[in-house]
Amino acid sequence: MLENFTHTQIDTSDSEVKINLRYAGSGPPILLLHGNPLTHVHWHLVAPRLAETFTVVAADLRGYGDSSKPRGTDDHTNYSFRRMAQDQVDVMAHLGFEQFCVARSEEH
């Protein structure tokens, strides 16, 4: 799946976390985020079509798929939405995108 996409893992500002992703295309960047309990592969039917017009980044959230799964903390901050969002901002910055659109799927 996502055969024409480049597969990589990118370090985040959390030294314990690498985010697994695939990306392809050219044009304005769009980040595709999966719901629970899915992975970036959930986008396999949509991502190739979007890549005809956009630079598509389909990423696994921390704790999902092949992204890092850091140990939980008592206050759960390392799995907070804020922390997970920062991971994705780090990924997009690494790829050279300061601004980008985001699409997310709902769990099924």
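This is a predicted model: local features need pLDDT of at least 70, side-chain atom pairs count only at pLDDT 80 or more; totals for chains, interfaces and linings use all residues.
**Briefing: cores, pocket and salt bridges**

Leaving aside neighbours within four places in sequence, Ala47 is in contact with Leu2, Phe5, Leu32 and Val56. Ala47 lies in helix 1, and because its relative accessibility is 0%, below the 20% limit, this residue counts as buried.

**Nonpolar cores**

- The largest nonpolar core is made up of 13 residues, and those with the most contacts inside this core are Ile19, Leu21, Leu31, Val57, Ala59, Val91 and Met92.
- Two or more residues of this core come from each of strand 2 (18–25), strand 3 (29–33), strand 4 (55–59) and helix 2 (81–94).
- Helix 2 supplies the largest share of the core, namely three residues.
- Apart from this core lies another one, of ten residues, which has Trp43, Ala51, Val56 and Ala58 among its members.
- For Ala59, once neighbours within four places in sequence are set aside, the residues in contact are Ile19, Asn20, Leu21, Leu31, Leu32, His34, His40 and Gln88.

**Largest pocket**

- The largest pocket holds about 260 Å³ of space.
- Its lining is formed by 13 residues, of which Leu33, His34, Leu61, Phe81 and Met84 are the closest to the centre of the pocket.
- Strand 3 and helix 2 are the elements that give two or more residues to the lining of this pocket, and helix 2 gives the most, with four residues.
- Sorted by class, the lining of the largest pocket contains nine nonpolar and four polar residues, with no charged residues.

**Salt bridges**

- Side chains of opposite charge can pair when their charged atoms come close.
- In this model the count of salt bridges comes to five.
- Asp11 forms a salt bridge with Lys18, in which the closest N and O atoms are 3.1 Å apart; Lys18 is partly exposed, because its relative accessible area of 37% falls between the limits of 20% and 50%.
- Arg83 forms a salt bridge with Asp87, with 3.0 Å between the closest N and O atoms; both residues lie in helix 2, four residues apart, which is about one turn of the helix, and both Arg83 and Asp87 are buried.
- Arg83 also forms a salt bridge with Asp90, where the closest N and O atoms are 3.7 Å apart, and both Asp90 and Arg83 are buried.
- A network of salt bridges links Asp14, Arg62, Arg83, Asp87 and Asp90.

- Ala47 and Val57 are ten residues apart along the chain, and their C-alpha atoms are separated by 8.4 Å; Val57 is one of the residues with the most contacts inside the largest nonpolar core.
- Val56, which is in contact with Ala47, is among the ten residues of the other core.
- Leu38 is found in the loop between strand 3 and helix 1 (47–50), and this residue counts as buried because its relative accessible area, 19%, is under the limit of 20%.
- Leu38 and Leu61 are 23 residues apart in sequence, whereas the distance between them in space, C-alpha to C-alpha, is 9.5 Å; Leu61 is one of the lining residues closest to the centre of the largest pocket.

Terms used
Residues are numbered from 1 along each chain as its sequence is written. Side-chain values use heavy atoms; hydrogens and water are left out. A nonpolar core is a set of buried Ala, Val, Leu, Ile, Met, Phe, Trp, Tyr and Cys residues joined through side-chain atoms within 4.5 Å. Buried means under 20% relative accessible area, exposed over 50%, partly exposed in between (1.4 Å probe, protein chains only). Contact means heavy atoms within 4.5 Å. On a 1 Å grid over the protein atoms alone, a cavity is a set of points where a 1.4 Å probe fits but cannot get out, and a pocket is an open set with protein on both sides within 12 Å along at least five of seven lines; lining residues have an atom within 4 Å of a point. Grid points are joined across faces, edges and corners, and a volume is the space filled by probe spheres set on the points. Ala, Val, Leu, Ile, Met, Phe, Trp, Tyr, Cys and Pro count as nonpolar, Asp, Glu, Lys and Arg as charged, and the others, Gly among them, as polar. A salt bridge is a side-chain nitrogen of Lys or Arg within 4 Å of a carboxyl oxygen of Asp or Glu.
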